[in-house]
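Hello,

Here is the structure I promised to pass on to you. Have a look at it first, and then read my notes below.

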Amino acid sequence: MIKVEDWAEIRRLHRAEGMPIKAIARRMGISKNTVKRALAADEPPKYRRAGKGSIVDAAEPTIRELLAEFPDMPATVIAERIGWERSMTVLKDRIRQLRPQYKPADPASRTAYQPGELAQCDLWFPPAKVPVGAGQQTSPPVLVMVSGYSRWMLARMLPSRAAGDLFAGMWALLGMLGAAPKTLVWDNEGAIGQWRAGCPVLTAEANAFRGTLGIKIVQCRPADPEAKGLVERANEYLETSFLPGRSFTNPGDFNAQLDHWLAHRANVRHHRRIECRPADRIVTDMAAMVPLPPVAPVVGWRTSTRLARDHYVRIASNDYSVHPSVIGRLVEVVADLQEVRVTCGGQQVAAHPRCWAVHQTITDPAHAQAAAAMRRLRLQTTRPPADTEVEQRRLSDYDALLGVQDIGAAGIEGVA
């Protein structure tokens, strides 16, 4: 085989100096055929050792037959079927080379997103306990939202995954962003909707929310996690980069630390897929989004009820006291992520911080004092006697009714 340096010199003499093949052969002491092969080769010569074969070669026809019928058959089962007793490494390498010929490939789609086009949403349940009050510790859900074009990430811990809290959380995140993507992509979260008879069906709350914002909500098909791979990877990023080494005193502390991490780490890091930082794209992304409506959508917990004698209302398994002066009247209860408010006839009759614990009774001391005073006043009040005239009957009427005659009229002497 000709050496690389001889191959290079042959091509130089022929191309640069215009030397004929015969002269090159005579000058370098090689045959004219060698010169011709060197000029015809576009690549440097490489030494290739003849293959000695493999111990798997004899079994390859049988392996191909098995893969043709069972493309997903594991290598260990194939080894059992062909009676393989040699190294499993070489067998697995050969099966790995042959399997794609019999199993159709399932390539993942690589989607390019336009500015303002969509954001993917999901609930992340952090594997960490957060104190929520009343001696309770739990792992509340975290709403995560990732923009497709800029990869800008938003997240917030919520009291629950119920519709009242979920849409209040979505509105809070969009308010922080200052605009709404044209499409929000969700999986089959119960508060969003579900697939029925092969068609996605949004809940009434989801339709009201998207209608107010003028956007679209897309439900992924069941068992299709790749459809929202951006937010799935964001959940993993939160779990591996934000959570380790942190402790939290309450949900507010969790959200404060999360906001700081998003602003100073997640959204200013270099993103390998887009080859820039999310902060470099967010302005262009927001410019193409839908402006937020002038009137906020109806979110949170909202209900109307007639206040019972115990003057408490219930929100998400917790009871909140109301001023007892409106017992028996219709009250409006509104709760968001931070506060529970109760009004009656346009006047506020209760306001409590939202309790994240469960099965608790939250009492305003002023309400308890007012109820005690009303009970004392009721006990001190006595009813006046009824002023009713009663007819007085004569004794003779009773004598006549009972058939008793007058003693004097009967002529009977009295006893002295």
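Let me start with helix H4 (residues 60-69), where Glu 60, Ile 63, Leu 66 and Leu 67 are buried. These residues lie on the same side of H4, because they cover an arc of only 120 degrees around the axis. The face turned away from that buried side carries Glu 65, Ala 68 and Glu 69, which are exposed. Please keep in mind that this is a predicted model.

Glu 60 also turns up in a network of salt bridges, together with Asp 57, Arg 64 and Arg 94.

In total, the structure holds 16 salt bridges. One of them joins Asp 72 to Lys 103, with the closest N and O atoms 3.0 Å apart. Asp 72 sits in the loop between H4 and helix H5 (75-81), and Lys 103 in the loop between helix H6 (88-98) and strand E1 (118-124), so the pair ties together parts that are 31 residues apart in sequence. Asp 72 is exposed, at 53% relative accessibility, while Lys 103 is partly exposed, at 40%.

Another salt bridge pairs Glu 189 with Arg 161, and here the closest N and O atoms are 2.9 Å apart. Glu 189 is in the loop between strand E6 (183-186) and strand E7 (193-196), and Arg 161 is in the loop between strand E5 (153-157) and helix H7 (163-177), 28 residues apart. Glu 189 counts as buried, with 8% relative accessibility, whereas Arg 161 is partly exposed, at 42%.

Helix H2 (21-28) and helix H3 (32-40) each supply at least two of its residues.

Enjoy exploring!

Technical notes
Residues are numbered from 1 along each chain as its sequence is written. This is a predicted model: local features need pLDDT of at least 70, side-chain atom pairs count only at pLDDT 80 or more; totals for chains, interfaces and linings use all residues. Side-chain values use heavy atoms; hydrogens and water are left out. Helices (H or I, at least four residues) and strands (E, at least two) are DSSP runs, numbered from the N terminus. Buried means under 20% relative accessible area, exposed over 50%, partly exposed in between (1.4 Å probe, protein chains only). The arc is that of the directions from the helix axis to the C-beta atoms. A salt bridge is a side-chain nitrogen of Lys or Arg within 4 Å of a carboxyl oxygen of Asp or Glu.
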